Amino acid sequence: MVHVVTQSCCNDAGCVTACPANAIHPTPDEPGFATAEMLYIDPSTCIDCGACIDECPVDAIFPETELNAKGERYLAINAAYYTDHPSAADTRGPAESREPSMAKTSPERTLRVAIVGAGPAGFYAAEELLRHPGVEVDMFDRSPTPYGLVRAGVAPDHPSTKGVERAFASIAASTSFRYLLNVEVGKHVMHADLTSRYGAVIYSSGASTDNRLGISGEDLAGSIPATDFVAWYNGHPDNADDTFDLSVHTAVVVGNGNVALDVARILVTDVEALAKTDIADHALAALAESRVREVQIVGRRGIAQAAYTNSEFLALSDLPGVDVVIDPSELTLDPSTASAFDDRTLDSTIMTKISLARAVAGRRPTARNKRVVFRYLLSPTEIRGANGVSALACVRNEFTGSPSGSVTSTADLSVVDCGLVMRAIGYRGRPIDCLPFDTSRSVVPNDQGRVLSEPAGETIAGVYVAGWIKRGASGGIGMNKRCGQETATSVLADFANDRLTMPTMSHHDLEELIAARGGTPVGSLGWLNIDRAERAAGARRGRRRVKIVRTDDLLRAAAR
Ligand code: NAP
């Protein structure tokens, strides 16, 4: 019997360290790790000990005997990875080299670190810092609730992924950890307030804005960033009053990354199924009235270049009452991919992507079901409509030949009638006050998390970044583990080597300072009260939690 990694894999690689047989790959030290869709267990090496199951924060690993029908497909997906990646050979270094490097700290000196942004990257950095005696962490977030995109981004119908919150809660339970939630840096606390009170400041504030298509009609009513829709259905206070016209028959989602698939899935999922999740009540009510019957997902490149992961494609193609439709003529491969596919030398993940799409393209859609239509090789050129969106005009693309997978537009125009266009074309970081910004990559320039005056410039002592604002908006939750650890390791090394200026002011006056600037910080107890209130409301209604979505209500719950 072997163990199998399934859909909710978060790539945090805790399982890799736990596995005594080196059966889980790619490891963080292997080249494919940064771009891997998920981790895979080698069926020929797995010794069936189950150590990985205990380590997985998102319940993604099962013994093969406990897989359900949906999970069984992951047996082949795990095995396929080892068709083009060397297996059994131990690619790890000696055991100690796999441990994150432990920088020298001395117990008699205290290092106080401010982390701005309570999402995954901030937590993984905090976890690494708090392994060291003498380190204290204060975590700030402008929202009254922690966990960043785990709370406000992960789709409500993916509850196992949210299991990672348990790991974050245990980090926050450390006596050396303090929350200062509902505190906006730049408004209630300034950057200089932090640098004068903390030895190091880590910004892990994410990529909070959306990319723009730059085409005409983009600002028509009914043309919206998917990021707003995601924040709305996840109950983010900023989006609690948003409204979306769901009285339309067809919606188009531009872009085919996992965000595109998330919003498409939420638009067509049966509301009775959504009612069991922690989706915001206002979204559930609006989706119950929705008339959307068809969602088209428009990708500008071919199937082999589709940005979604195979597990998210499977999650969508499994939805009851929904037909996934693909026109086989759109599954064209560029010449080099086609020949590598035919002689089976193509990357196994892309092989699987193509095979899954071809299998779906053979399905016969029903008239009764809602539909999700995957379109490939189409680029939007104009969003049309008088007072609101009525159509999306696109041009067909063709492969240029070189570099492999790149496309150029043709004169072949097609128009999709639709009442809603969601732009799911990626997130972008925003400049942070007092920090340099690399506008070409929308990140803060840095070297292993140390903020630089400009790309390849001088280090700014004591200031760091982690997560999407450090490396750009790509990678799921677990990718932030290595990223957060790297930044924490830089902080610890700088501390050990006396490169940090020790604070000139006490951090104990911060709450007073915040209050004087009109802020109401929510601490650990406040968050615990919110969490309890949401879970209790959820338990009463057979749901994981019922989210409180307005800041005033959150603050009332926190104070209770
Ligand atoms: P993404 O994966 O980068 O996908 C962006 C999509 O937008 C791509 O299809 C891209 O096409 C397309 N695009 C970009 N600019 C475009 C333009 N001007 N015109 C047309 N299409 C354009 O971004 P994302 O979906 O926002 O996801 C961000 C990260 O979060 C990803 O790493 C994703 O895997 C992760 N995430 C994971 C999950 C999950 O694990 N369930 C859920 C949500 C998000 P090209 O590929 O041609 O550039």
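Trainee: So how is the protein chain divided?
Mentor: This is a predicted model, and its protein chain is split into domain 1 (3-91), domain 2 (111-208 + 429-522) and domain 3 (211-426).

Trainee: What separates the centres of domain 2 and domain 3, and how many residues does the contact take from each?
Mentor: Taken over C-alpha atoms, the centres of domain 2 and domain 3 are 33 Å apart, and the contact draws on 10 residues from domain 2 and 15 residues from domain 3.

Trainee: How much area do domain 2 and domain 3 bury between them?
Mentor: About 1,000 Å² is buried between domain 2 and domain 3, with 49% of it on carbon and sulfur atoms. On the domain 2 side, Ala 152, Pro 156 and Asp 157 supply 47% of the area buried against domain 3, more than any other three residues.

Trainee: And how many salt bridges are there between domain 2 and domain 3?
Mentor: The count between these two domains is 3 salt bridges.

Trainee: What about Ala 13, buried or exposed?
Mentor: Ala 13 is buried, at a relative accessible area of 5%, and it has a positive phi of about 70 degrees although it is not a glycine. Gln 448 also has a positive phi, about 50 degrees, but Gln 448 counts as partly exposed at 41% relative accessibility.

Conventions: Residues are numbered from 1 along each chain as its sequence is written. This is a predicted model: local features need pLDDT of at least 70, side-chain atom pairs count only at pLDDT 80 or more; totals for chains, interfaces and linings use all residues. Side-chain values use heavy atoms; hydrogens and water are left out. Domain bounds come from an automatic or database domain assignment. Contact means heavy atoms within 4.5 Å. Buried area is the accessible area (1.4 Å probe) that two parts lose on being put together, summed over both. A salt bridge is a side-chain nitrogen of Lys or Arg within 4 Å of a carboxyl oxygen of Asp or Glu. Buried means under 20% relative accessible area, exposed over 50%, partly exposed in between (1.4 Å probe, protein chains only).
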